[in-house]
Each structure stands twice: as C-alpha cells, then as structure tokens.
Amino acid sequence: MNRLQVELPGLSLKNPVMPASGCFGFGKEFSKLYDLNKLGAIMIKATTEEARYGNPTPRVAETPAGMLNAIGLQNPGLEGVLTNVLPWLEQFDVPIIANVAGSETEDYVEVAKRISLAPNVQALELNISCPNVKKGGIAFGTIPEVAQELTKRVKEVSAVPVYVKLSPNVADIVGMAQAVEAGGADGITMINTLLGMRIDIKSGKPILANKSGGLSGPAIKPVAIRMIYEVSQKVNIPIIGMGGIESVDDIIEYYYAGASAVAIGTLNFTDPFICPRLIEELPGKLDELGVHHITELIGRSWK
Amino acid sequence: MNRLQVELPGLSLKNPVMPASGCFGFGKEFSKLYDLNKLGAIMIKATTEEARYGNPTPRVAETPAGMLNAIGLQNPGLEGVLTNVLPWLEQFDVPIIANVAGSETEDYVEVAKRISLAPNVQALELNISCPNVKKGGIAFGTIPEVAQELTKRVKEVSAVPVYVKLSPNVADIVGMAQAVEAGGADGITMINTLLGMRIDIKSGKPILANKSGGLSGPAIKPVAIRMIYEVSQKVNIPIIGMGGIESVDDIIEYYYAGASAVAIGTLNFTDPFICPRLIEELPGKLDELGVHHITELIGRSWK
Amino acid sequence: MIQQEMMNIIKHQNIAKDIYELTLQGTLVQEMGEPGQFVHIRTNSGVDPLLRRPISIAHIDKQLNQCTLIYRAEGKGTKLLASHSVSSQVDVLGPLGNGFPIEEIQRGETALLVGGGIGVPPLFELAKQLNQNGVKTIHVLGFETAEKVFYEEEFAKLGETYITTVDGTMGTAGFVTNVIDEYQFDFHVLYSCGPIPMLKALEDRFKERKGYISLEQRMGCGIGACFACVCHLAEEPTGAAYVKVCSDGPVFPIGKVVLA
Amino acid sequence: MIQQEMMNIIKHQNIAKDIYELTLQGTLVQEMGEPGQFVHIRTNSGVDPLLRRPISIAHIDKQLNQCTLIYRAEGKGTKLLASHSVSSQVDVLGPLGNGFPIEEIQRGETALLVGGGIGVPPLFELAKQLNQNGVKTIHVLGFETAEKVFYEEEFAKLGETYITTVDGTMGTAGFVTNVIDEYQFDFHVLYSCGPIPMLKALEDRFKERKGYISLEQRMGCGIGACFACVCHLAEEPTGAAYVKVCSDGPVFPIGKVVLA
Ligand SMILES: Cc1cc2nc3c(=O)[nH]c(=O)nc-3n(C[C@H](O)[C@H](O)[C@H](O)COP(=O)(O)OP(=O)(O)OC[C@H]3O[C@@H](n4cnc5c(N)ncnc54)[C@H](O)[C@@H]3O)c2cc1C
Ligand SMILES: Cc1cc2nc3c(=O)[nH]c(=O)nc-3n(C[C@H](O)[C@H](O)[C@H](O)COP(=O)(O)OP(=O)(O)OC[C@H]3O[C@@H](n4cnc5c(N)ncnc54)[C@H](O)[C@@H]3O)c2cc1C
Ligand SMILES: Cc1cc2nc3c(=O)[nH]c(=O)nc-3n(C[C@H](O)[C@H](O)[C@H](O)COP(=O)(O)O)c2cc1C
Ligand SMILES: Cc1cc2nc3c(=O)[nH]c(=O)nc-3n(C[C@H](O)[C@H](O)[C@H](O)COP(=O)(O)O)c2cc1C
Ligand code: FES
Ligand code: FES
C-alpha cells in the first residue's frame with residue numbers, strides 16, 4: 001500500500017503534496033524541470049470568466065521570510081483555460097484542482113459550471129478572497145453569510161467536489177469555515193495570503209503598483225497552523241493546508257494541526273524542485289516518526 | 001530645534017522611539033544596559049487589577065523571522081505597579097505609557113482610573129486584545145461596538161490621554177480604528193500580535209503550553225504597514241506604529257505609512273541596544289532623505 | 001535546459017564601488033548560450049531573503065565550465081552574496097530567459113552596444129561573441145561616477161569604448177545619449193541594457209532602427225510561472241496580451257513592449 | 001556587567017556526535033565569574049533565526065580573554081552556529097544569570113557533580129573552580145550513547161569520573177541515578193545540570209541535602225525583561241510568585257522551584 005496515498009472528496013492522491021494556486025502557473029514551466037506525474041495534484045492558477053491582464057508591475061515585493069504579491073488574477077480566461085491549458089495538462093496522470101475566481105456570484109457560477117466539466121478537473125477551489133464588486137469591494141471571504149451563499153450557488157452547478165479557500169484576514173476563521181461547510185463545501189483549503197504592504201524608502205511609495213498585496217511564505221506559517229488547528233476541530237470536511245511550507249517538517253506540522261493534504265506556494269520560487277523533493281523525503285520522515293501511513297498524523301496535536 | 005522631537009496627545013517626546021509593551025518589562029533590566037533617558041518614552045508591561053502569574057511555560061516559540069509569545073499578562077497587579085514600579089521609573093526623565101489590560105470593562109476602568117494618576121504616566125495604552133470573559137472570551141478588539149464602548153468608559157475616568165492598541169486579527173481594521181476614535185481615543189497604537197501557533201515535530205503538540213500565542217517580529221511588519229497605511233488615512237488621531245521594526249529604514253517605512261511615532265518590541269530581545277542605536281542613527285537617515293524634521297515624513301506614501 | 005546547481009565560487013572580488021565580479025564553476029555553464037541570459041541566485045540558505053536574485057551572465061567560459069557575473073551589492077540579498085568567500089558554493093538556477101540575438105548582424109557590420117550601470121555586464125559577453133563573429137562593436141557605457149566604473153579596459157580591448165559619468169568624474173559628463181548624439185555612430189544593430197529612462201531615450205532616437213533592449217523587472221519565480229514580471233505589448237498597451245520578462249525576455253526588439 | 005560583543009572565534013571543533021566546542025575571545029570574558037552562567041548568542045546576522053540561543057559557559061580563561069562553550073548542533077540556530085569558521089565573529093550577550101555558588105562548600109569537602117547531556121558543559125568550569133578551592137569533586141556524567149560522550153578525560157583529570165550511557169555503549173548502562181544509587185557517594189554539596197527528569201530524580205533522592213540545580217527554559221530576552229522563562233516557587237506552586245530562569249537562575253537551590 002502506498003504510504004502517501006490520500007483519498008479526499010473527488011481526489012485520489014498518490015501523495016498529499018501539490019503546488020498551490022498561482023505559484024505554478026498552469027504547470028507548463030515546471031514541466032520542463034521535472035515530471036509533473038510526481039505531484040499529488042496541481043492547483044492551477046485562478047481562472048476568471050474573461051481573460052485578465054492583472055495589475056501593473058511591480059507585482060511582487062520581498063518581506064522578511066515572506067513576499068507580497070499583487071498579480072491581479074492574470075489569466076487567459078475560462079475559454080482560454082478550457083481550450084489551451086486543460087487539454088495540455090491531460091498528458092499527465094495528475095488530478096487538477098481548478099481555482100475559480102470572480103467579482104460577482106454569477107462569474108463564479110459560470111466558471112465553476114463549465115470548468116468542472118473538463119475531464120481532468122477533479123475538484124474546484126473557490127477563491128473567495130476576491131473583492132465583491134457588487135458589495136462595494138468587500139471580499140466574499142470576510143462575511144460568513146456571503147461565503148455560504150456563494151458556496152451553495154457554486155455547489156449547485158459544479159460537476160465535481162468544491163473546496164473553498166479561506167482568507168486569513170478575518171477575526172473568526174472558524175465561523176467562516178462553518179459557513180462554507182453549511183453551504184455544502186466538500187473541503188477547505190487554507191490559508192490564502194494575509195494583506196500586507198511594503199513602502200520603498202527611496203521613493204516613499206508602496207513598492208507594489210497595486211499598493212497592497214498578499215503576504216505569503218514562511219512568515220505566515222504560524223498563522224496558518226493556528227487557523228487549521230482551530231478549524232479542523234470544528235468542521236467535518238477535510239482541509240488542504242498551505243502557507244510557507246519549506247520542509248517535510250512543515251508538512252508534518254500541517255498534518256498535526258489537522259490538514260489532510262498540503263500545498264506549496266511561494267517556496268516553488270525559491271526552490272523550483274521543492275515539490276518532488278519533499279515528496280521523496282516524506283517516507284523517510286514517516287519512518288523517523290514511527291508511523292506507517294501519513295493519514296495517521298492528521299490532527300495529532302489536538303486528538 | 002530637536003529634529004526628532006514629536007508632540008502627541010499627552011506626550012512630549014524627545015524622539016519618537018520607544019520600547020513596546022511587554023518587551024521591556026518595567027525597564028529595570030534594560031536600565032542596567034543603557035541610560036533610559038535616551039528613550040522617547042517607555043510603554044510598560046500590561047497592568048491588570050490583580051497580580052497575575054500568567055501562562056505555564058513554554059511561553060515563547062520561534063518562527064521564521066518572528067516569534068510567538070503567550071506570557072499571559074504576568075504582572076504584579078495595579079497595587080504593585082503603583083507602589084514599586086512607577087516610583088522607581090520616576091528617576092528617569094521619560095514619559096511612561098501605561099498598558100492597561102483586563103477581562104472585563106470594570107477591570108480596565110479601575111486600572112485606568114488609578115494608574116493614570118501616577119505622576120509619570122503621561123498616557124494610557126488600552127490593550128483591547130484581551131479576551132472578554134463576560135462575552136465568552138471574544139476579544140474586545142474584534143468587535144467595533146465593544147471597543148468603542150470600552151474606550152469611552154476608560155476615557156471618562158482617565159486623567160491622561162488614552163491610546164487604544166489595535167489587534168490585527170480583524171477583517172476591517174479601519175472600522176475598528178474609527179470605532180475607538182468615536183469612543184474618544186486620543187491616539188492609536190498598532191499593531192498588537194497576530195494569532196499563531198507552532199507544533200513540535202517530536203511531540204506532535206503545540207510548543208506553547210497555552211497552545212496558541214501572539215506572532216511578533218519582522219514577519220508581521222508588512223501586515224502592520226498595510227494597516228497603518230489604511231487607518232492613518234481614515235482617522236484624525238495620531239498612530240504609534242509597531243511590528244517587527246529592526247532598522248531605521250523600518251522606522252522610516254512606518255512614518256511613510258502614516259505613523260507619528262514608533263515602538264520596538266521583539267527586536268529588543270535580539271539586540272538589547274536597538275532602541276538607543278536606532279535613535280542615534282535617525283538624524284543621519286533624515287539627512288540622507290533630505291528632510292529636516294522627522295514629522296515631515298508622516299504619511300508620505302499616501303499624501 | 002534550466003538547471004539548479006550548487007556552483008563553486010572560483011573568484012570573487014570588488015572591482016568598483018559596491019560592484020563585485022563573481023566567477024562560478026559548474027556544469028550549468030554548458031547550458032549557457034546567448035549573451036543576455038541571466039541566472040537566478042539564492043543568496044542565503046535560509047528564508048531571509050526568501051527570493052532569488054536575477055543577475056545577468058557577463059562572461060561564459062565553457063572550456064573551464066565557468067561563468068562570470070558582475071553585480072552591485074546594494075540591498076539585503078546582494079550584500080549577503082558579496083559576503084560569500086571563494087571556494088564556498090552558491091545555489092544557482094539557470095540559464096534563464098532569452099538573450100540578444102547575435103545572428104541578426106553580419107560579419108563586417110557594426111553593432112552599437114549601450115549600457116547603463118549594472119546593465120553593462122551582459123554586454124560584455126555580447127561584445128565578445130559579436131567580435132568572434134567578425135562584427136565590429138562600439139561601446140557606450142554610462143555610470144554614475146568614476147568610482148563606480150568597471151570593465152572599461154575589458155571593453156576597450158574589444159572595440160571603441162566611450163564612458164560617460166553623470167557627474168563628469170570620468171569620460172564624457174552626462175548620459176550615454178550625450179555621446180550618442182555627439183558622435184552619431186554609424187551602426188547596423190543596437191543592443192542595450194540599462195535603466196528604463198535610458199532605454200526610453202534610445203527608443204525615442206532609434207525606433208525605426210533594428211535594435212534589442214534588455215529589461216529588468218521584479219521577479220518571483222524567474223521561469224515564467226508566477227506572472228510577476230509581465231509587460232504590455234506596444235501594439236496593445238492596455239489589453240490582456242503580455243510578455244514575461246523572465247521567460248520571453250529579458251531581451252526584446254526595440255518597440256515591442258511598453259516601457260513603464 | 002552584561003555586555004554585548006562581537007567575539008572572535010579562536011577554536012571551533014566537533015568533539016562528539018553533533019557536539020561542538022567553541023572558544024571565543026573578547027573583553028566580555030572579564031565579566032564572567034561564577035561557573036554556571038551563560039551567554040546568549042546570535043547565530044546569524046539576519047532575522048531568521050530571530051532569537052538568540054542560550055549556551056552555558058564551559059570554561060573561562062581570563063588571562064587569555066577566552067571562554068569555551070560546548071553545544072549541541074540540533075536545530076536551526078545551533079546548526080548555523082556550527083557553520084561559523086575560526087577567525088569569524090559572533091555576537092554574544094553576557095554573561096547572564098547566576099551560577100553555582102562555590103562558596104557554599106569548604107576546602108577539603110566533597111562535591112558531587114551530576115550532569116546529563118548538554119547539561120554537562122557548565123560543570124566543567126565548576127569542577128575547575130572547586131578544585132582550585134581545594135574541594136574534591138566526583139563527576140557523574142550521563143549521555144545517550146558513546147558517540148555523544150565528550151570531555152570524559154578532562155573531567156577525569158579533576159576527579160573521580162563516572163560515565164553512563166542510556167544504551168550502555170560506554171560506562172555504566174542506564175542513567176546517572178544508577179551510578180549514584182550504586183555507589184552511594186559521600187558528599188557535602190550536590191551540583192547538577194541536565195534534563196528535567198534527571199533533576200527530578202535527584203531532587204527525590206536528595207531533597208534534604210544541600211544542592212544546586214541549573215534549569216533550562218525557552219527564552220526570549222535572556223535578561224529578565226520578557227517573562228518567558230518563569231518558574232513557580234515550590235512553596236507557592238500556583239501563586240503569582242515566580243523566579244526567572246534567565247536572571248534569577250539558571251541555578252537554584254534544590255527544592256526551591258517547581259520542576260515542570
Ligand atoms: C534579467 C535581470 C538581469 C539583471 N542583471 C543584473 C546584473 O547583471 N548585475 C546587477 O547588479 N544587477 C542585475 N539585475 C538587477 C538585480 O537583480 C537587482 O539589483 C537585485 O535583485 C537587487 O537585490 P538586492 O538584494 O540588492 O535588493 P533588495 O532590495 O533586497 O531586493 C528586494 C527584492 O526586489 C528585487 N529587486 C530589487 N531591485 C531590483 C531590480 N533592479 N531588478 C529586479 N529586481 C529587483 C530583488 O530581486 C528582490 O526580490 C538584473 C535584474 C534582472 C531582472
Ligand atoms: C541557561 C541555559 C543554558 C544552556 N546551555 C547549553 C549548553 O551549554 N550547551 C547546549 O548545547 N545547550 C545549552 N542550552 C540549550 C540550548 O539553548 C538549546 O539547545 C538551543 O537554544 C536550541 O537551539 P536550536 O537552534 O538548536 O533549536 P531550535 O529548535 O531552532 O530552537 C528554537 C527556539 O527554541 C529554543 N529552544 C529549543 N530548545 C531549547 C532548550 N533545550 N532550552 C532552551 N531553549 C530552547 C531556542 O533557544 C530557540 O529560541 C542551554 C539552555 C539554557 C536555557
Ligand atoms: C504569486 C502568487 C500568486 C497567487 N495566486 C493565487 C491565485 O490565483 N489564487 C489563489 O487562490 N491563491 C493564490 N495565491 C495564494 C497561494 O495559493 C497560497 O494560498 C499562499 O501563497 C500561501 O501559501 P505559500 O506561503 O506556500 O505561498 C498566490 C500566491 C502567490 C505568492
Ligand atoms: C513577549 C511579548 C510580550 C508582549 N506583551 C504585551 C503586553 O503586555 N501588552 C501589549 O499591549 N502588547 C504586548 N506585546 C505586543 C508588543 O507590544 C507589540 O505590539 C508586538 O510584539 C509587535 O511589535 P514587535 O514585532 O516589534 O514585537 C508583547 C509582545 C511580546 C513579543
Ligand atoms: S518572474 Fe515569475 S513569471 Fe517572470
Ligand atoms: S528570557 Fe526574558 S525574562 Fe527570562
């Protein structure tokens with residue numbers, strides 16, 4: 001039996017390690033570096049209904065043990081993803097988790113409906129951190145009722161299980177998680193980035209053209225661990241954990257906190273071979289910890 | 001004229017650099033290392049009505065470019081602070097900002113009333129991140145109405161200006177800031193720590209005995225800068241900024257974001273001489289930037 | 001093919017104010033081709049700084065498996081890099097991007113190479129390869145001040161070389177455009193790398209000419225996956241079309257992308 | 001007085017599995033006194049790792065302005081420390097805390113020194129000072145396994161020395177208490193440093209005796225300002241009273257604090 005095999009709604013993963021959305025493009029670039037079949041799954045870059053250029057540059061800025069990004073959901077649009085990206089990814093035996101974004105409920109619903117029909121899309125990941133245009137720019141991900149309703153609407157149309165990606169920029173993460181669970185979510189992915197900013201000392205202006213951006217990387221790991229620890233005890237759906245993972249120890253920490261699988265984002269930039277490397281290191285770590293199967297570790301910190 | 005002199009409600013500061021509450025005890029230990037008269041002010045450790053032992057140990061854990069703490073407001077209690085700590089601090093010509101904490105509104109009011117009468121206490125800093133016992137442990141600092149009411153009650157009894165210390169663990173920091181302003185706050189200090197956790201790989205349990213703790217240090221600086229940038233544009237009271245400051249460049253970044261003074265917390269542990277060192281370096285930095293007085297930098301990023 | 005390698009530091013010296021010359025050895029050098037490509041360097045083993053630093057390849061020696069980088073130690077990462085001593089190793093990802101097309105100019109023709117500050121380094125390998133192909137190279141190199149000038153002799157060996165400094169402490173006072181406007185060089189292809197204002201000034205003057213410019217952009221991945229480094233196309237300056245500096249560039253034909 | 005100093009690394013070597021001996025030179029050594037004090041070391045210049053690491057002073061040589069530390073390279077910080085080479089510098093804050101009181105025992109009397117693992121190092125300077133004072137020292141030193149044993153010869157030169165290893169690969173198999181229970185040493189004062197279970201076992205046996213134990217605790221500041229390192233007092237185990245390991249300790253009389 002495969003010690004790393006993990007079964008989640010819609011996802012039969014040969015291992016629980018996958019690149020996080022937005023940090024791996026649509027896989028093409030990394031496919032030149034290593035065999036994507038090694039991955040547990042791939043969370044592809046956010047897809048919106050229309051193609052988007054995204055924000056002006058600079059779009060990234062470095063911070064202590066972290067980075068800020070304000071890419072602005074650049075993507076070729078639903079049509080582009082369906083015709084160019086997903087078919088190309090079919091050559092790999094890897095489940096695709098499609099990250100879905102929008103500015104209004106209807107956008108999400110439309111993208112979810114159509115993208116969930118692609119043969120290799122095994123699950124959706126609802127990116128509810130996007131500002132809701134109709135509600136004056138307040139993010140879907142900060143109001144439980146709004147997130148619940150959005151989840152429900154997307155569930156109604158999706159042909160595959162729906163994971164909701166939680167934003168950490170809230171006072172009550174458990175409330176958010178319970179709301180999306182009540183909305184019918186099959187799983188949760190967490191965390192998305194924290195809101196942050198860096199100002200250039202010479203110019204006196206924010207480094208990012210967009211001014212603020214999303215903080216990711218090791219700096220945010222303790223926030224993610226705390227949130228997963230809390231949420232995993234209060235919901236009955238699995239969690240894919242992410243935020244600053246850089247080592248197998250970090251993966252174990254996420255499991256202990258309550259995650260059932262993990263995603264690696266920013267560290268793909270620092271070490272483009274990190275995903276296959278950590279997948280390779282995991283069995284040795286399980287031996288060291290004296291466990292046979294990785295799922296034995298889920299939630300150990302509170303069980 | 002002193003280029004670093006800053007005037008804030010209740011506080012006439014010879015320079016805008018002060019140690020942050022909880023990271024400097026009551027000054028005694030650092031007074032053995034350097035002359036405390038060099039400091040702009042001192043934010044003393046939180047005072048509660050009764051003496052507290054605080055949480056069991058371990059109380060700190062290191063994280064990437066940051067640390068977690070769960071000291072649990074250990075302090076000698078109002079009586080102890082009034083009779084032992086504050087009189088001792090009178091030997092220094094440095095304004096004291098007394099950090100006030102409690103579990104119920106009445107605690108805050110009582111501590112504020114009496115501590116604000118101490119001759120060297122020039123301002124209060126309301127630590128509203130404490131869980132409110134009566135409201136089932138929800139922090140005062142996450143509900144605007146509750147924070148506003150607490151501020152108002154404390155303002156009614158305080159003999160000195162009141163600064164409210166905002167918790168970053170909220171979705172809408174501007175709403176919180178406006179609420180405390182409406183409650184009568186004379187100033188804002190921000191940010192307190194982010195909630196975080198680390199789990200030990202060997203034991204599988206949280207490192208902190210208290211399980212979760214407050215994340216501080218350079219890791220959180222981008223979050224603090226973003227929040228100060230937003231809040232300073234929406235309130236008319238000054239902000240004392242803090243979160244991960246480690247260099248004069250960081251101080252300048254806080255000024256650009258909109259702070260009128262800064263506090264240094266965690267970095268006092270890494271470099272116990274950091275406060276006087278940065279105070280000494282500041283004038284040279286002002287020359288480099290071509291400004292005469294530090295207040296010229298306030299809010300440059302958005303002005 | 002892009003490789004990641006712990007490369008050995010063979011030489012590492014300060015060659016001008018804040019400017020370091022770093023010679024690395026490793027098999028990754030065999031993958032290097034066009035001048036103008038870059039490598040992405042991890043300046044530390046920990047996560048602070050977290051991101052790699054893009055640095056152009058200034059010189060390639062495939063025989064020795066060596067390449068040379070020239071960089072300015074300015075911020076956190078490059079200052080850390082400067083502290084690495086000879087015989088230690090650095091983590092290098094590369095070669096990345098597409099360099100200057102040298103096949104666009106013929107033997108006997110003249111290339112005008114214009115560099116500004118830390119845009120100068122990739123022009124050195126370019127000048128070498130062009131000279132090997134029998135192309136005459138004219139070099140106009142701009143710096144801030146005399147003490148920041150580097151490689152003037154190395155360039156002089158390969159062709160006419162003009163130095164400018166903003167403060168006039170060496171060569172012509174002012175910008176590279178002062179020299180260019182004064183001498184009105186006769187050339188077939190322009191190749192340039194440097195700050196955006198300089199590249200814009202060149203585009204203004206030579207938009208009808210054949211030329212290639214190399215761009216800088218803050219990067220995340222360096223390999224085309226994160227979309228940090230995109231530019232609009234000049235033909236569609238507000239549309240969804242884009243190129244990525246890291247993987248489509250850093251070198252683009254004059255006038256192709258919007259210089260922002 | 002507590003000082004902060006960039007101290008020079010005079011010697012740095014691996015003396016047992018994962019165990020390093022580090023000799024530092026600087027004027028800070030002149031401030032050192034009691035055996036059992038510690039220093040707080042910054043293992044890196046950046047902010048990752050952010051906190052200093054507390055390490056006991058294992059040997060003091062005021063004449064040469066040198067001190068020796070012995071540490072286990074285990075986590076992020078100590079592994080980084082291990083990578084520092086001779087003639088580089090490290091940022092040291094110290095001396096910190098209060099050490100073992102050597103005036104509590106008279107010339108001609110016998111001290112029993114019991115150390116476990118990385119609790120052994122401070123006992124070395126203690127043994128030296130006691131011997132200088134004409135006190136006889138018996139050393140019982142416990143380790144995990146033979147390859148992690150260090151300084152057994154150095155201790156043997158100063159007095160009777162018993163080594164225990166958990167796996168029996170050297171000396172007596174088992175714990176220090178096995179040796180202690182077997183030999184029933186005659187001693188006047190006990191001094192000990194090591195893991196909590198060991199200290200508890202000693203307290204159980206010797207609660208009526210004169211003795212001093214040195215504690216470890218996760219630290220923030222190391223100077224008494226952050227309240228990270230407090231312990232309850234045995235006389236009031238749930239009250240508000242406390243001591244701080246960093247500034248009141250790390251050495252306490254047997255039975256004074258709650259060992260948690
Ligand atoms: C394709 C390319 C080739 C380059 N070639 C060279 C070269 O040969 N020699 C040289 O000295 N410099 C070169 N640069 C610029 C060099 O990458 C930056 O000076 C360097 O990244 C700054 O890092 P730091 O640690 O000094 O500054 P920090 O301020 O610590 O950098 C913080 C972050 O901003 C990024 N950043 C800051 N300035 C720049 C910049 N100008 N361009 C891109 N990213 C930046 C850093 O990469 C890092 O992610 C090149 C840049 C690019 C994009
Ligand atoms: C007073 C005192 C004296 C000490 N003397 C020695 C000595 O002489 N030789 C030696 O090898 N070790 C000694 N230690 C233990 C040593 O401080 C830790 O092993 C070390 O801090 C671990 O750091 P790391 O980078 O290896 O681990 P990490 O896991 O990277 O450490 C993370 C954080 O936890 C803290 N931490 C982890 N383990 C311990 C521990 N056991 N005690 C205190 N803090 C810890 C670290 O200081 C750091 O803040 C002493 C500890 C104290 C309190
Ligand atoms: C450059 C970049 C782009 C991102 N784009 C997306 C995105 O399109 N959709 C999304 O849900 N999350 C996006 N994220 C967030 C990551 O998927 C991940 O949740 C976050 O970065 C935390 O993980 P990390 O610390 O490992 O990067 C992006 C992150 C980065 C750094
Ligand atoms: C050990 C420790 C104890 C703290 N205790 C208090 C406290 O008693 N009251 C308070 O308002 N903030 C407290 N804080 C928060 C700091 O004052 C500061 O807001 C925060 O740490 C961010 O600044 P920094 O990153 O510079 O540390 C504490 C922080 C630390 C690290
Ligand atoms: S740097 Fe990531 S796409 Fe160019
Ligand atoms: S470590 Fe800060 S009080 Fe002891």
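Modeller: Two parts are in contact here where heavy atoms lie within 4.5 Å. The model is predicted. I take chain C as the part to look at, and begin with its domains.

The domain assignment of chain C gives three stretches: domain 1 covers 3-96, domain 2 covers 100-214 and domain 3 covers 215-260. For domain 2 and domain 3 of chain C, the centres, taken over C-alpha atoms, are 22 Å apart. On the domain 2 side 14 residues are in contact with 11 residues of domain 3 of chain C. Together domains 2 and 3 of chain C bury about 1,100 Å² between them, and carbon and sulfur atoms give 67% of that area. Within domain 2 of chain C, the residues that lose the most area to domain 3 are Glu203(C), Ile213(C) and Ser214(C), which together make up 43% of what that side buries.

Domain 3 of chain C also takes part in a ligand site. Ligand 1 lies between domain 1 (3-96) and domain 3 (215-260) of chain C, because both domains give residues to the shell around it. The ligand also lies between chains A and C. There are 22 residues around ligand 1, and those that come nearest are Arg53(C), Pro54(C), Gly77(C), Thr78(C) and Arg218(C).

A polar side-chain atom of Thr78(C) is 2.5 Å from an oxygen atom of the ligand. For Arg53(C), a polar side-chain atom lies 2.7 Å from an oxygen atom of ligand 1. Gly77(C) uses its backbone instead, with an N or O atom 2.7 Å from an oxygen atom of ligand 1. On its own ligand 1 has 830 Å² of accessible area, and the protein covers 87% of it. The elements that give two or more residues to this shell are β4, β6 (66-72) and α1 (76-82) of chain C. Of the elements, β4(C) gives the most, with 4 residues. By class the shell around ligand 1 holds 10 nonpolar, 5 polar and 7 charged residues.

Pro49(C) is found in the loop between β3 (38-42) and β4 (53-56) of chain C. The peptide bond from Asp48(C) to Pro49(C) is cis, with omega near 0°. Most peptide bonds are trans.

Ligand 2 has 21 residues around it, and the nearest include Arg53(D), Pro54(D) and Gly77(D). The backbone of Gly77(D) has a polar atom 2.7 Å from an oxygen atom of ligand 2. In the side chain of Arg218(D), an N or O atom is 2.8 Å from an oxygen atom of ligand 2. A nitrogen atom of ligand 2 lies 2.9 Å from a backbone N or O atom of Ile70(D). Of the 830 Å² of accessible area that ligand 2 has on its own, the protein covers 87%. Among the elements of chain D, β4(D) gives the most to the shell around ligand 2, with 4 residues. Domain 1 (3-96) and domain 3 (215-260) of chain D both give residues to that shell, so ligand 2 lies between them.

Chain D also has a cis peptide bond, between Gly249(D) and Pro250(D), with omega about 10°. Pro250(D) is in the loop between β15 (243-244) and β16 (251-253) of chain D.

That leaves chains A and B, which pair with each other. In chain A 39 residues are in contact with 39 residues of chain B. The two chains bury about 3,200 Å² between them, with 68% of it on carbon and sulfur atoms. Met197(A), Ile201(A) and Arg226(A) supply 20% of the area that chain A buries against chain B, more than any other three residues.

Methods:
Residues are numbered from 1 along each chain as its sequence is written. Chains are lettered from A and ligands numbered from 1 in the order in which they are written. This is a predicted model: local features need pLDDT of at least 70, side-chain atom pairs count only at pLDDT 80 or more; totals for chains, interfaces and linings use all residues. Side-chain values use heavy atoms; hydrogens and water are left out. A residue is near a molecule or strand if one of its heavy atoms lies within 4 Å of it. A polar contact is a pair of N or O atoms within 3.5 Å; within protein, one must be able to donate a hydrogen and the other to accept it, and residues adjacent in sequence count only if both atoms are side-chain atoms. Accessible areas come from the Shrake-Rupley method with a 1.4 Å probe; for residues, only the protein chains shown count as cover. Domain bounds come from an automatic or database domain assignment. Buried area is the accessible area (1.4 Å probe) that two parts lose on being put together, summed over both. Ala, Val, Leu, Ile, Met, Phe, Trp, Tyr, Cys and Pro count as nonpolar, Asp, Glu, Lys and Arg as charged, and the others, Gly among them, as polar.
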